[in-house]
Amino acid sequence: MHRPQAMPSARPAGVAPTRAQEATPHRIQAPRPWVQPRPWVQPRPWVQPRRWVARRPRILPLACAALLAASLPLGAATPDTVSTASLPARAWAVDCAKNEVLVIQHPDSYLRYRLHEVSDKGEQLRDQIETPDGSVARLIERDGRPLTPDEDAAERDRLNNLLTSPATFAHHIKNEQANKKMGIDLLQLMPDAMLWSYAPNQPQLPGQPPNRPDAQPSDAPPLVVLDFKPNPKWSPPTMPSEALTGLEGRVWIDPRTRRMVRLEGDIFQPVNVGLGMLGHLYPGGKVLLEQANAGGQRWIVEHIDMQFALRVLMVKTVKLHTRYDAPPANFQPVPPMTYQQAIKTLLDTPLPTH
């Protein structure tokens, strides 16, 4: 038989309850956790919030770290205002990844420069112009020598074909945009895909001041040096991102701009791409990437060196070694132009004769 519960007796405000009143339940059912407490009800100071106290040591550090990382605007903090060691190492990685997207997309910034490529096909030097439509380039040297008349004629025919066939240029840009998207996706995954930590003793690059308390003052602050290794709790969402599970290395970051200056990575364990059906990366591969300021807020990749041993489609094993160099000294800002104007500019430029 249902018996109604006795309601607690009212007491004047400010009068402490008796032991009997404290022991009397207010309701039959447990309080609903989704109901927010009423703002006008003051908590009873004699009741200790034991459940909250027990969880605070685990929640508070995570919340502080998340708020700290989220509250740092890009490039806002400098060594003069925030101690490097006071930031979680991952906070630098998050800001750096955001800025690397700008390096790839470089909105409203266009350059002309020479790109030197060394691969198993030999050496090639290209004159390259960035446009809002995409980049176009003209081969101007091969294997360290000027082009022969036949090689130059073939290159001119290729560029003129881009002028007369918009579909051909659209195919070229589609591949370029796909490569950019894959690069951006991998960069945005890096902060979670890796475990980040400060490199011991913060080893600086040549020409950078040492990160020591007794270091001499300099206009350039010490670089922030982080080590990274795969996060065992992270699962790659795409096949290209599977390569991150075998990568470890070190990165150097400019603390003023939150831009990556140098990255060294090693494939330290084998990686199967597409369950090994599409590819297999062998241990021992290396990647080196260096970036530089091209003027103002514009940064550019000035050096890439990649060495990989890869088995493709479970059939053929290939060894890839490719190097790209774009010295910042030859960067020239150019106004926005169509890709047709850029191609005509390249064709009108005399080839080097040295």
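Which residue in the turn between S3 and S4 has a positive phi? Select Asp 143 in this predicted model: Asp 143 lies in the turn of the hairpin that S3 and S4 form with 2 residues between them, and its phi is positive, at about 55°.

Next, select the whole of strand S3, residues 134–142, where 8 of the 9 residues are buried, so that the strand is largely enclosed by the rest of the structure.

Now turn to the largest nonpolar core, a set of 25 residues in which Met 194, Trp 196, Leu 226, Phe 228, Leu 244, Leu 247 and Ile 253 have the most contacts. Among the elements that give two or more residues to this core are helix H3 (89–105), helix H5 (166–193) and strand S7 (247–254), with H3 supplying the largest share, 4 residues.

Centre the view on Ile 253 and display its contacts beyond four places in sequence, which include Trp 92, Cys 96, Leu 223, Val 224 and Leu 226, as well as Arg 258, Arg 259, Met 260 and Val 261. Finally, select Tyr 110, Ile 129, Phe 169 and Ile 173, which are among the 14 residues of another core, lying apart from the largest one.

Methods:
Residues are numbered from 1 along each chain as its sequence is written. This is a predicted model: local features need pLDDT of at least 70, side-chain atom pairs count only at pLDDT 80 or more; totals for chains, interfaces and linings use all residues. Side-chain values use heavy atoms; hydrogens and water are left out. A nonpolar core is a set of buried Ala, Val, Leu, Ile, Met, Phe, Trp, Tyr and Cys residues joined through side-chain atoms within 4.5 Å. Buried means under 20% relative accessible area, exposed over 50%, partly exposed in between (1.4 Å probe, protein chains only). Contact means heavy atoms within 4.5 Å. Two strands pair if DSSP finds at least two bridges between them.
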